[in-house]
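Please read the following comments with the coordinates open beside you.

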Amino acid sequence: MYENWKTTSLYDLTQTIAADLLKETEYPWEALPKIGDFIKELGNQLSLEKYEKKGEDVWIAKSAAVAETAAIHGPAIIGEYAQIRHCAYIRGNVIVGEGAVVGNSTELKNVILFNKVQVPHYNYVGDSILGYCSHMGAGSITSNVKSDKTLVVLHTPDGEIETGMKKFGAMLGDYVEVGCGSVLNPGTVVGRNVNIYPLSMVRGVILENSIYKKQGEIVEKYNK
């Protein structure tokens, strides 16, 4: 049971500097409360040839492109060749992977972005993990707290999983495409290689290799 939502089912752990943290988890959201401490420990081990420490608990790769108008608060690690664009806001407990793009007015908080993730235009991503090459279209966001402030419960075809967490945004597997203007509700888990239509309101779990058209209409991808 629940195999589809396990860390190893969603992610290629060779594509993140946070592999050692995620290897300790059965389900990826178990890593969320540990991101900050992991960054502090890992940051002090990073190569001084490749990374520079700037401010308190902030490590930025020398090859990364960081706009002067971006705000970065630690703990944070900005990976090699990443782009942090105009007015991006990194609130802390954030790992930005190699070659990732954090765009104009995008806000990140308690997040792991795998390598080559793109959150390029007006995105909010909180208490979430985004897999290798995943992409959030313009204006798409993760909602990380339920309106009634109760703990997040994951609803799966195999049964419910109690997370014990009040703040839980979305777990996106590798190669997920989220359409513009979509909202990922608290406790959303999306399998690898899923496409989500623009303006979608997503909750619960979505199996890998699917196309999410709207609530109740999810179709399997097929190869021509």
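The points below take these topics in turn, and they refer to a predicted model.

1. Helix α3, residues 35–43, has I35, G36, F38, I39, L42 and G43 buried. These residues lie on the same side of α3, because they cover an arc of only 160 degrees around its axis. That pattern can be read against helix geometry: with 3.6 residues a turn in an α-helix, residues three or four places apart point the same way. The exposed residues D37 and E41 are carried on the face of α3 turned away from its buried side.

2. Among the elements that cover the buried residues of α3 are α2 (19–23), β2 (58–61), β5 (76–78), β8 (94–96) and β10 (107–113).

3. In the largest nonpolar core, which has 69 residues, W29 and V96 touch the most other members. Once its neighbours within four places in sequence are set aside, V96 is in contact with I77, I78, G79, A82, I84, I90, V102, L108 and L113.

4. Seven salt bridges are found in a search of the whole structure. One of them joins K50 to E80, with the closest N and O atoms 4.0 Å apart; because K50 lies in the loop between α3 and β1 and E80 in the loop between β5 and β6, the pair ties together parts that are 30 residues apart in sequence. K50 is partly exposed at 43% relative accessibility, whereas E80, at 16%, counts as buried.

5. E107 and R91 also meet in a salt bridge, at 2.8 Å from N to O. Since E107 lies in strand β10 and R91 in the loop between β7 and β8, this pair ties together parts 16 residues apart in sequence. A network of salt bridges links E3, K6 and E26.

Notes
Residues numbered from 1 in each chain as written. Predicted model: local features only at pLDDT ≥ 70, side-chain atom pairs only at ≥ 80, totals over all residues. Heavy atoms only, no water. Buried < 20%, exposed > 50% of the residue type's maximum accessible area, 1.4 Å probe, protein only. Helix = DSSP H or I, 4+ residues; strand = E, 2+ residues; numbered from the N terminus. Arc of directions from axis to C-beta. Contact = heavy atoms within 4.5 Å. Core = buried A, V, L, I, M, F, W, Y, C linked by side-chain atoms within 4.5 Å. Salt bridge = Lys/Arg side-chain N within 4 Å of Asp/Glu carboxyl O.
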